[in-house]
Amino acid sequence: MVMSSKEHPPSRIPLSVPSVGEGELENLRSCIETSWVSSAGPYVREFENRLAELAGTKNAVATASGTSALHLSLIVAGVKRDEEVLVSTLSFIAPANAVAYTGAVPVFVDADPKTWQMCPVLVEKFLREDCKIRNGDVFNKKSGRKISAILPVHILGGVVEMAPLLALAKEFNLPIIEDATEGLGAIYQGKPVGTIGEVGCYSFNGNKLITCGGGGMIVSDHSRWAKRARHLSTQAKSDPAEYIHDEIGFNYRLTNLQAALGCAQLDKFERYVLRKKEIASAYKSLCNEIDGLNFMPDPEWSESVFWLSAIAIDPHGFGMGSRSLLKKAGEQGIEMRPLWQPLHLSPAYKGSMMLGGSVAEDLFKKVLCVPSSVDLDNENLERVLTFIKESSQSK
Ligand SMILES: Cc1ncc(COP(=O)(O)O)c(C=O)c1O
């Protein structure tokens with residue numbers, strides 16, 4: 001029986017899915033054929049070298065995930081149990097968890113309404129007014145704990161305003177660990193995000209700009225830190241032959257299979273960045289046309305990569321709130337997604353200290369991420385744009 005076109009359900013448009021093909025298959029085949037499937041193998045080093053070149057850093061250390069990259073970065077930066085780390089509240093939960101794995105405690109920082117990213121003004125106010133210096137270290141007056149690092153998260157492929165954070169980090173002698181897991185391809189004042197602080201982390205999980213299936217990378221010019229991170233990622237084994245371990249390490253190393261996938265993905269990096277920007281530009285134009293929609297900030301001092309395009313929906317102007325639009329989109333086979341619950345509100349971090357709060361809470365209510373896969377074709381992009389446009393009239 002032939003189905004009429006009317007009977008065809010519209011195809012589902014996912015939020016962000018990987019684009020893999022022949023190049024990935026070829027690399028994976030070579031791993032299988034040579035039996036180099038585990039963490040030893042040529043693709044791991046190739047992937048590290050190519051990432052270091054792309055980022056322009058002296059070192060790149062491959063890890064099993066972005067979360068493990070963050071965990072190791074915090075350790076090598078000297079973060080210890082019962083210390084505190086300043087972390088963006090408007091973020092996926094992984095960076096806060098990485099802080100918790102070290103035994104340290106996150107102090108959450110609200111978003112800046114101009115960028116949706118960590119607000120440097122709140123960080124400054126906290127360090128100047130709510131902290132005291134003792135023997136060159138900074139202590140939170142309220143908790144009594146030492147502040148040991150700043151962990152800004154570049155969310156959605158946008159860019160944190162780094163200059164004021166860098167100045168504060170210098171003045172208060174704090175390392176900056178950048179969570180650039182969503183920011184590969186974004187640029188801040190001519191430098192890739194992830195390379196502005198002491199150490200930066202990328203993720204290659206399935207929905208990121210490039211994927212290894214799962215995986216992460218630490219980039220840094222601190223060769224000693226990078227060396228230690230690599231050492232810790234392989235159970236801190238200190239003798240090439242004997243099972244002797246000089247400290248407690250982790251099994252955090254990327255496998256050759258994953259790196260093989262990553263290398264094939266890197267071949268398409270520039271095309272992916274371009275497509276993300278084209279998709280963002282279409283959504284941005286739509287937001288300029290329609291009342292009640294605001295596209296994610298794109299300040300002139302940065303070059304966002306728009307890993308996920310995101311739109312803030314004002315229910316009064318648009319005629320419908322974000323959650324109603326989310327539901328309606330789902331019924332049409334269009335996958336949208338809200339932002340993460342701000343971490344200071346998460347049951348996992350109940351009772352944590354919070355600097356500010358209302359900006360992230362407001363964005364959480366209003367913002368939806370919209371389909372942004374690199375393989376989203378113009379026909380389906382148009383379908384999403386038309387759907388949003390038509391929804392604006394259904395008051
Ligand atoms: C902001 C942020 N940080 C960290 C991570 C953790 O990366 P992974 O999933 O590779 O552990 C992710 C995403 O997954 C993320 O979005």
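Analyst: Domain bounds here come from an automatic or database domain assignment. The model is predicted, so local features need pLDDT of at least 70 and side-chain atom pairs count only at pLDDT 80 or more, while totals for chains, interfaces and linings use all residues. Residues are numbered from 1 along each chain as its sequence is written, and side-chain values use heavy atoms, without hydrogens and water.

The largest pocket lies between domain 1 (22-266) and domain 2 (269-393), because both give residues to its lining. A pocket is an open set of points on a 1 Å grid over the protein atoms alone, with protein on both sides within 12 Å along at least five of seven lines; a lining residue has an atom within 4 Å of a point. The largest pocket holds about 240 Å³ of space, a volume being the space filled by probe spheres set on points joined across faces, edges and corners. Its lining has 14 residues, and Phe92, Asn207, Trp307, Arg337 and Trp340 are the closest to its centre. By class, nine of the lining residues are nonpolar, two polar and three charged (Ala, Val, Leu, Ile, Met, Phe, Trp, Tyr, Cys and Pro are nonpolar; Asp, Glu, Lys and Arg charged; the others, Gly among them, polar).

Domain 1 (22-266) and domain 2 (269-393) each supply at least three residues of its lining. Ser16, Lys208, Gln265 and Lys276 are among the lining residues, which divide into five nonpolar, five polar and two charged.

A polar side-chain atom of Glu182 lies 2.5 Å from a ligand oxygen, and a backbone N or O atom of Gly66 lies 2.7 Å from one. The protein covers 91% of the 380 Å² of accessible area that the ligand has on its own (Shrake-Rupley method, 1.4 Å probe). Of the 16 residues around the ligand, Gly66, Thr67, Asp179, Glu182 and Ser203 come nearest (near means a heavy atom within 4 Å). This shell has five nonpolar, eight polar and three charged residues. Its largest share, three residues, comes from helix H3 (helices are DSSP runs of H or I, at least four residues, numbered from the N terminus).

Note on methods. Polar contact = N/O pair within 3.5 Å; in protein donor to acceptor, adjacent residues only side chain to side chain. Helix = DSSP H or I, 4+ residues; strand = E, 2+ residues; numbered from the N terminus. 1 Å grid on protein atoms, 1.4 Å probe; cavity = no way out; pocket = protein on both sides within 12 Å on 5 of 7 lines; lining within 4 Å.
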